[in-house]
Amino acid sequence: MSGTTWVYIMLGIYIVYCFYWGLKGYFTEKTSSGYAIAGRSIPFFAFLMAATAASFSGWTFVGHPGQIWSQGMAYAFASFYVLTIPITGAFFAKRNWLLGKRYGFVTPGDMFAYYYNNEAVRWLTVLTAFLYSIFYSGLQLISAAALFYWVAGVPQTLGLIIMAFIVWFYVVTGGLKASTWVGVLQFLLLVGGIILLGYYVITSDAIGGWTAFSQKIKALDDRYTKVPGLLNFGLGGGWTAAMILTYMFALMGIQSSPAFTLWNFGIKSPKPLAWQQVFMSTFVVGLALFYFTAFQGLGAKILELEGVIAPKVDGDVVPMLMTQFLPGPVLGLVFLGAIAAIHSTAAPYIGTGGTILLRDVYWRYIRKQEASHSEQIWVNRALSTAVTLAAVVVSLTARDAIVMIGGFATAFGFVMYLLLLGVHWGWRFPSLGATLGMIAGIVACFLTYYVWRYPLSMHTAFWGLFAGLTVAYLCRGLGAIDSEETRQRQAEVRSWLDSVDGPSENGKKWRKWMKILVPIWFFFAIGPACLLGNKAFSFCGFPALWSWQIVWWILGIVMMWALCFKAEMSTTSDEQIRRADDEEMIVIKEV
């Protein structure tokens, strides 16, 4: 059978699996919280895999090798998001669950509006969630359309609509639980597909195996194997050390996004968090990215210079490699891996976007908290459909490289650090500062992407949070004061969190060390000192910069283990879970 035939066979099996979970949810989910946050019952295994798949998406599968082909190993520092994404989870995820369980929060807007005693932050969270969802889901659909065109010859607009329909169907019918269980399969396909494609590229006759590959890398221009400099005094400037670091900030916004906060509310127990952050993300996905996406990206550059392939844009690279080097059954499997990667992220963002619009706008302000379960579920479906259509519009009109669109989307998630740092770790700025800071952060994101792109070669995400924190603390410095009710509410939340999630004596010692070691790791692995990697050391045929990345990835695994387990940032005891169950103080109405 031809490769195209295998693609359609594999796609058909995948669609059946997706539709099964969607229809199962349609007939079983009868409550608003059951549909929106899976009744707070997502099990250990499902969250472990689905959350990882959602963190590493179509831009990882398609865009990441394409940017390595375009920009060289300086862009390959983006592979460090296998650490920076779960670091955000270590900071906030467990505490999201604890607060959601105690106070009954359904959306992040519930949590922020309660803590800051301010409905404006709810609306700003809704806006952030909507912007994030449409841009991030839109880039996934761009990837899907390009891939379907190259592999099966389907016109891009038609392919985009088909892929959007698949994800729309199982999301709107089954809710968050359906998205999660489909995500389990998607994780396996995502990682397996990256590894298979990288293996076939490097072992192909055109490349000639590892020895030949490493020799050909040495012949590449320095701009493909070195970081160009510290920063650029102006706009843009390429993948300088400053851009690498601040781009990693943008990707930290994935797990601080409203969608992930809502997902944290939906898990049955926070016990899988540490394992997801250290093992599934940092180690398993790290293995695929630090080796096999680099095989694809640098392999594509070598093949282009030898006249074997001729990509025009970054999105062409992976589809060209697939059609050129994969035999029929493997082509079908890797194609499915790419589609799974794309859907694994589009699905939760479309679903949670609809839920946030439902609960924070329709339920609270239009229906005045009086709608039935059935009405909420159907309106949620309608709003998820609206988010899907908006994402399709973005994908039809976007012209940038897909990873740049993704970075713009995740910048909105990173701005949410402003509110999360206040709620979870007690950063002190007034409620007015939280509101004006969020407005400033969102405006700064648009200005530093669409008007003055990347000042000082620093990413939009940095400028967004920098503007937000500056304005928030200016409000404090200028004398803005919260009401007595707000101060009492925040003091109660702080007191409960400190009592239920205080570290043990051993954990306190580890946290003191991690306050030093984590910044050191950032400085050397992805900060200004990454310039040392241009000439630092080399081993096993890897060029110096690639060797630097591998070593700091391995050290990063140890750092994440220490942060999540030894410093107790992500571990949870049975006593903590018992207290969250027994000390409920529900402040949110469901129907």
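Which residues does Y14 touch, not counting residues up to four places away in sequence? The legends below start with that contact set in this predicted model.

**Figure 1. Y14 and the largest nonpolar core.** Leaving out residues up to four places away in sequence, Y14 touches I166, Y170, V182, L185, Q186, L189, L336, I339, A340 and H343. Y14 is listed with F80, M322, F335, I526 and W546 as the residues with the most contacts inside the largest nonpolar core. That core has 204 residues. Another core lies apart from it and has 6 residues, including L141, A145, L160 and A164.

**Figure 2. The largest pocket and its lining.** The space in the largest pocket comes to about 730 Å³. Its lining has 22 residues, and the closest to the pocket centre are F91, M252, Y417, W427 and V518. Two or more lining residues come from each of α5 (81–103), α10, α17 (417–425), α19 and α21. Helix α21 gives the most, with 6 residues. Sorted by class, the lining of this pocket has 20 nonpolar and 2 charged residues, and no polar ones.

**Figure 3. The largest cavity.** The count of cavities of 30 Å³ or more is 3. About 60 Å³ of space lies in the largest cavity. Y35, A36, V171, G175, L176, L262, G351, T352 and T355 form the lining of the largest cavity. The elements that give two or more residues to this lining are α2 (32–37), α8 (156–202) and α14 (328–366). The classes in the lining of the largest cavity are 5 nonpolar and 4 polar, with no charged residues.

Figure 4. T240 lies in the loop between α9 (209–218) and α10 (241–252). The relative accessibility of T240 is 3%, so T240 counts as buried. Neighbours within four places in sequence aside, T240 is in contact with V227, P228, G229, L230, L231, N232 and S457. S457 is found in another loop, between α18 (431–451) and α19 (460–477). With a relative accessible area of 0%, S457 is buried. The phi of S457 is positive, at about 50 degrees, although S457 is not a glycine.

Figure 5. What places C540 in the chain is the loop between α21 (505–525) and α22. C540 is not a glycine, yet has a positive phi of about 55 degrees. C540 counts as exposed because its relative accessibility is 61%, where the cut-off for exposed is over 50%.

**Figure 6. Helix α22 and the residue after its end.** Helix α22 runs over residues 544–566 and has 23 residues. From its first C-alpha to its last, α22 reaches 32 Å, close to the 33 Å expected at 1.5 Å a residue. Just after α22, E568 takes a positive phi of about 65 degrees. W546, whose number falls within residues 544–566, is one of the residues with the most contacts inside the largest nonpolar core.

Methods:
Residues numbered from 1 in each chain as written. Predicted model: local features only at pLDDT ≥ 70, side-chain atom pairs only at ≥ 80, totals over all residues. Heavy atoms only, no water. Helix = DSSP H or I, 4+ residues; strand = E, 2+ residues; numbered from the N terminus. Buried < 20%, exposed > 50% of the residue type's maximum accessible area, 1.4 Å probe, protein only. Contact = heavy atoms within 4.5 Å. 1 Å grid on protein atoms, 1.4 Å probe; cavity = no way out; pocket = protein on both sides within 12 Å on 5 of 7 lines; lining within 4 Å. Points joined across faces, edges and corners; volume = space filled by probe spheres on them. Nonpolar A, V, L, I, M, F, W, Y, C, P; charged D, E, K, R; others polar. Expected span 1.5 Å × (residues − 1). Core = buried A, V, L, I, M, F, W, Y, C linked by side-chain atoms within 4.5 Å.
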